[in-house]
Amino acid sequence: MNDMRLVERDVDTSDIKITARGVQVYYGTAHALKDVDVDILDKTVTAFIGPSGCGKSTFLRCLNRMNDTIDSCRVEGLISMDNEDIYDKRVDPVQLRAKVGMVFQKPNPFPKSIYDNVAYGPKIHGLTRSKAELDEVVETSLRRAALWDEVKDRLASPGTGLSGGQQQRLCIARAVATNPEVLLMDEPCSALDPIATAQVEELIDELRAQFSVVIVTHSMQQAARVSQRTAFFHLGNLVEYGETGHIFTNPRDPRTESYITGRIG
Ligand SMILES: Nc1ncnc2c1ncn2[C@@H]1O[C@H](COP(=O)(O)OP(=O)(O)OP(=O)(O)O)[C@@H](O)[C@H]1O
């Protein structure tokens with residue numbers, strides 16, 4: 001961990017965007033997540049770290065109800081965004097996922113043009129009134145994802161024809177096109193080379209000016225580089241949560257220390 005570049009960035013806000021209280025997740029009878037309490041801050045990057053199978057992705061998927069799509073999965077407890085229960089019967093999960101966007105481990109552009117990949121969300125959610133407005137949203141989103149200059153002359157080409165790093169930035173553009181309030185990223189750089197990883201990390205830092213970003217990562221260096229808050233999970237428990245610099249230099253719990261020093265994992 002000696003080469004880790006610990007960046008002590010200020011957390012710009014203390015506004016809480018998402019609150020979780022007593023969250024339990026079961027897959028059938030298997031208890032995957034146990035009594036998780038956490039406050040996720042607005043305009044902040046929060047990293048979820050921990051050994052494989054500890055429940056990071058499961059908890060991430062709770063935050064936009066992606067677990068609803070898994071038949072065996074049951075979520076208990078309270079998760080609220082801006083003080084509204086996201087599991088309330090009146091909440092439409094499709095609308096929720098426009099507000100809480102997600103980028104997955106493997107870039108997964110739709111088999112459509114670059115333009116249509118980005119235009120898809122605004123179209124289905126009726127966010128634009130004219131072609132000119134939609135064009136503008138597509139351009140702005142591609143610019144926010146630092147991809148515009150590379151694709152502006154081939155917007156009609158298939159998204160799947162881009163490089164892996166470009167495809168992941170296209171997926172980020174697609175996620176930001178619906179103007180989300182939270183962006184969830186599940187190991188977004190694991191399929192990328194170091195250059196594309198650096199581009200996505202830079203982008204994450206820029207995106208947090210506009211909204212809350214939650215990232216699952218296996219790379220502690222990445223967590224230290226991009227996040228201001230870190231949550232360490234172990235065996236389905238949220239063991240420790242706090243400022244990233246603090247978690248990496250002065251963890252309170254011996255399990256956190258063992259993980260960051262490479263003794264468990
Ligand atoms: N769809 C599923 N059906 C059944 N069990 C699942 C499912 N998804 C995850 N699990 C189980 O829930 C537990 C937590 O898994 P999860 O994928 O959330 O962990 P993780 O920390 O994200 O792991 P990794 O770092 O390997 O991606 C594991 O025991 C896993 O086997």
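**Close-up views of a predicted model**

View 1. The expected span used here is 1.5 Å times one less than the number of residues in the helix. Helices (H or I, at least four residues) and strands (E, at least two) are DSSP runs, numbered from the N terminus. This is a predicted model, in which local features need pLDDT of at least 70, side-chain atom pairs count only at pLDDT 80 or more, and totals for chains, interfaces and linings use all residues. Residues are numbered from 1 along each chain as its sequence is written. Because 12 of its 13 residues are buried, α6 is largely enclosed by the rest of the structure. Buried means that 20 or more other C-beta atoms lie within 10 Å of the residue's own, exposed means 12 or fewer, and partly exposed is in between, with C-beta atoms placed from the backbone. Among the buried residues of α6 are G165, R169, L170 and A173. Packing partners of its buried residues are β6 (100–103), α3, α4, α5, β7 (182–186) and α7 (194–207), where a contact is a pair of C-beta atoms within 7 Å, placed from the backbone.

View 2. Residues 131–144 form α4, whose 14 residues reach 20 Å from first to last C-alpha, close to the 20 Å expected at 1.5 Å a residue. Its buried residues are V137, V138, S141 and L142. They cover an arc of only 125° around the axis, which puts them on the same side of α4; the arc is that of the directions from the helix axis to the C-beta atoms. These buried residues pack against α3 (114–124), α5 (148–151) and α6 (164–176). On the face turned away from them sit the exposed A132, E133 and E136. Just after α4, look for A146, with a positive phi of about 55°.

**View 3. V214 in the nonpolar core.** The largest nonpolar core has 67 residues, and V214 is listed with F48, L63, A173, L184 and I215 as having the most contacts inside it. Such a core is a set of buried Ala, Val, Leu, Ile, Met, Phe, Trp, Tyr and Cys residues joined through C-beta atoms within 7 Å. Leaving out residues up to four places away in sequence, V214 touches I40, T46, F48, L60, L63, V182 and L184.

Note on methods
Two residues are in contact if their C-beta atoms, placed from the backbone, lie within 7 Å.
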